[in-house]
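Hi everyone, thanks for making the time. Let me put the structure up on the screen, and then I'll walk you through a few spots in it.

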Amino acid sequence: MLSTSRPALPRLHPTSAFTRAELQAGLADGTLVRVRRGVVARTSPGPGRRERLVLARGAAFARDATTDFWLSHSTAAVLWGCWTFRLRDRADVTQLTPPSIVRRGSDPVHLVARHWTRLPERDRTVLDDLPVTTLERTVVDCARALRGASALVVADSGLRLGADPVLVDEVLAEAAGGRGVRQARHVLTLADRASESPGESVVRWLVHEAGLPALDLQVPVSTWAGSFRLDLGWPDLKVAIEFDGAVKYTVLADGDATAWFMAEKQRHDALVEAGWLVLRVTWADLEQPDRLIGRIVNARRGRGLTSR
């Protein structure tokens, strides 16, 4: 199991704790965000803001809920510490009571999405004193409900966090005939715990959707400068895809970007000399998938292939 620190739950505050001017100013500049009618949470810009918002809305729902519920789908994924991609800023809640007879809550519709379904005891647990779907159930729910790349990101990270593949298959089998099950089977066939970042997972999904052969993950390569692992690649063609997140320029270099750049240049030169063609991909590239796939197809063709 991959060690991880789950995100902390944001603190909730009643709107009555602020003057009207403070509340309006906080909502306007983003330091406060409305998570439930009459309840706000403090927030901050930067990475993880949407995840904190989702958790705050889930915690606010839990505080006032009057019926049995479990945080589920994307909200459960965030609570478990899974990666997410294009996360919606609402809380997902699973209840055993059909929506038509659930007592009307006090939330605007866009703050909480309620799901009604059978939820066996096996698929229920508690995290940080909040009722939540198990990691395996969460992976399946997201695979059924989210769009392809977003679903694969959760599935890959769920497996890295220790989701039992046998139990995942069991949960999915029990859902046979339900909405999204066919897509979930497709996503979970592609899921791989070897994926080391959400960016890698998204690239793999785009490559799959383009009809290209499956990429190998964490490809070992020996060079004069030492042995390296490439994020993704086709070893037979010696074509690699490296996903460059901003973290590489800070955390991986202990804040010394210059040292990292020098080491990375030596690594890149050694890979090229070993015969590898390395494509670097960033988050910005994922916003233009057609152009990215075009680069990848051209790289494969440059290795003597006349088709995809």
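Let's start at Val166, which sits in helix α6. Is Val166 buried or exposed? Its relative accessibility is 61%, and since anything over 50% is called exposed, Val166 counts as exposed. If you look for Glu136 on your screens, you'll find that 30 residues of sequence separate it from Val166, while their C-alpha atoms are 9.3 Å apart in space. Please keep in mind throughout that this is a predicted model.

The buried ones are Leu135, Glu136, Arg137, Thr138, Val139, Val140, Asp141, Cys142 and Ala143. And what do they pack against? The partners are α3, strand β8 (130-133), α5 (148-160), α6 (165-174) and α7 (181-190).

With a relative accessibility of 0%, Thr138 counts as buried. Leaving aside residues up to four places away in sequence, Thr138 touches His73, Ala76, Ala77, Trp80 and Thr133.

Now for the neighbour α5. Its axis comes within 8 Å of the α4 axis, and the two cross at roughly 160°. Angles over 145 degrees count as roughly antiparallel, and α4 and α5 are therefore roughly antiparallel to each other. The crossing is left-handed. On the α4 side, the contact is made by Leu135, Val139, Cys142 and Ala143, and on the α5 side by Ala151, Val154, Ala155 and Gly158. Sorted by class, that contact of α4 with α5 has seven nonpolar residues, one polar and no charged ones.

Here is another helix pair to set beside it. Helix α2, residues 49-64, packs with helix α3, residues 73-80, at an angle of about 110°, and their axes are 10 Å apart. That makes α2 roughly perpendicular to α3. This crossing is left-handed. Which residues make the contact? From α2 we have Glu51, Val54 and Leu55, and from α3 we have Thr75, Val78 and Leu79. By class, the contact of α2 with α3 has four nonpolar residues, one polar and one charged.

Next, a backbone detail for those of you who like torsion angles. Most residues other than glycine have a negative phi. Now look at the loop between β7 (124-127) and β8, where you'll find Asp128. Asp128 is not a glycine, yet it has a positive phi of about 50°. Asp129 lies in the loop between β7 and β8 too, and its phi is near 65°, again a positive value in a residue other than glycine. How do they sit relative to solvent? Asp128 is partly exposed, with a relative accessible area of 37%, whereas Asp129 is exposed, at 74%.

Finally, let's zoom out to the whole chain. There are eleven helices and twelve strands. Of the 308 residues, 48% are buried. Taking contacts with a separation of 6 or more, 61% are between residues 24 or more positions apart. The chain exposes about 15,800 Å², and carbon and sulfur atoms supply 52% of that area.

Methods: Residues numbered from 1 in each chain as written. Predicted model: local features only at pLDDT ≥ 70, side-chain atom pairs only at ≥ 80, totals over all residues. Heavy atoms only, no water. Helix = DSSP H or I, 4+ residues; strand = E, 2+ residues; numbered from the N terminus. Buried < 20%, exposed > 50% of the residue type's maximum accessible area, 1.4 Å probe, protein only. Contact = heavy atoms within 4.5 Å. Areas by Shrake-Rupley, 256 points an atom, 1.4 Å probe, with all protein chains shown as cover. Axes fitted to C-alpha atoms, helices over the stretch in contact; angles between N-to-C directions. Parallel < 35°, antiparallel > 145°, perpendicular 65-115°, else oblique. Left-handed = near helix turned anticlockwise from the far one by under 90°. Nonpolar A, V, L, I, M, F, W, Y, C, P; charged D, E, K, R; others polar.
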